[in-house]
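Take a look at the model below.

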Amino acid sequence: MTTMLVDIVSSEEQIFSGEAEYIVAPGYEGELGVYPHHIQLINRLKPGVLRVKLPTHDVHLVFAISGGFLEVQGNKATVLADIVERSDDLDEAKLIEQKKLAEERIKQSTSAMHEDDAKAYAALELIIAQLKAVEYSNKQARRS
């Protein structure tokens with residue numbers, strides 16, 4: 001089994017560094033699958049679910065990311081994102097409540113776009129990514 005080195009880094013700390021069989025990242029053109037010895041690339045990522053398949057494990061590590069960049073060089077993939085959260089650390093009930101509040105804030109905003117509106121949309125995108133990460137992890141758990 002061939003593996004590659006994967007580094008996942010948030011704006012504050014290194015979240016993960018280790019060997020992986022492959023990763024799947026949320027690109028703006030669709031999901032990006034990166035396997036060992038992938039061609040070099042730099043790609044912008046959107047908020048969504050990042051999955052890492054570890055060797056000898058049946059399940060993926062699942063992260064919610066706020067967007068960012070994926071760089072592949074040699075046999076190494078690096079994900080850089082402002083916010084990276086492991087799905088195991090997320091509280092689904094709290095996220096559902098936060099999503100409702102964010103949607104209400106957006107509904108109550110004025111028709112002209114302001115900086116606060118952009119922040120509300122960005123927060124909602126991240127909350128949706130977090131909920132998708134939790135949902136993916138829950139599906140994995142039911143299959144195992």
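How many Å separate the centres of domain 1 and domain 2, taken over C-alpha atoms? The centres are 21 Å apart. Domain 1 covers 4-87 and domain 2 covers 90-143; these bounds come from an automatic or database domain assignment. This is a predicted model, in which local features need pLDDT of at least 70 and side-chain atom pairs count only at pLDDT 80 or more, while totals for chains, interfaces and linings use all residues. Residues are numbered from 1 along each chain as its sequence is written, and side-chain values use heavy atoms, with hydrogens and water left out.

Domain 1 gives 15 residues to the contact and domain 2 gives 11 residues; contact means heavy atoms within 4.5 Å. The size of an interface is often given as the accessible area lost when the parts come together. Here, domain 1 and domain 2 bury about 1,000 Å² between them, with 65% of it on carbon and sulfur atoms. That buried area is the accessible area (1.4 Å probe) that two parts lose on being put together, summed over both.

Which polar links cross the interface? There are 0 salt bridges between domain 1 and domain 2. A salt bridge is a side-chain nitrogen of Lys or Arg within 4 Å of a carboxyl oxygen of Asp or Glu. The interface does have 6 residue pairs in polar contact, both residues at pLDDT 80 or more. A polar contact is a pair of N or O atoms within 3.5 Å; within protein, one must be able to donate a hydrogen and the other to accept it, and residues adjacent in sequence count only if both atoms are side-chain atoms. On the side of domain 1 that touches domain 2, the elements giving two or more residues are strand S5 (41-53), strand S6 (60-73) and strand S8 (84-86). S6 gives the most, with 6 residues. Helices (H or I, at least four residues) and strands (E, at least two) are DSSP runs, numbered from the N terminus.

Now find tyrosine 136. Its side chain makes a polar contact of 3.3 Å with the side chain of arginine 51. The side chain of histidine 60 also makes a polar contact with the side chain of tyrosine 136, again at 3.3 Å. Arginine 51 is found in strand S5, and histidine 60 lies in strand S6. Arginine 51 counts as buried because its relative accessibility is 14%. Histidine 60 is buried too, at 14%. Buried means under 20% relative accessible area, exposed over 50%, and partly exposed in between (1.4 Å probe, protein chains only). Beyond four places in sequence, histidine 60 touches Arg51 and Gln140, among others.

Next, the loops. Histidine 37 lies between strand S4 (30-34) and S5, and threonine 56 lies between S5 and S6. Histidine 37 has a phi near 65°, a positive value in a residue other than glycine. Threonine 56 also has a positive phi, near 65°. Histidine 37 is exposed at 59%, and threonine 56 is exposed at 71%.

Finish with the salt bridges. The structure holds 7. In one of them, aspartate 7 pairs with lysine 76, with the closest N and O atoms 3.1 Å apart. Aspartate 7 lies in strand S1 (residues 4-9) and lysine 76 in strand S7 (residues 76-80), so the pair ties together parts that are 69 residues apart in sequence. Aspartate 7 is buried at 8%; lysine 76 is partly exposed at 33%.
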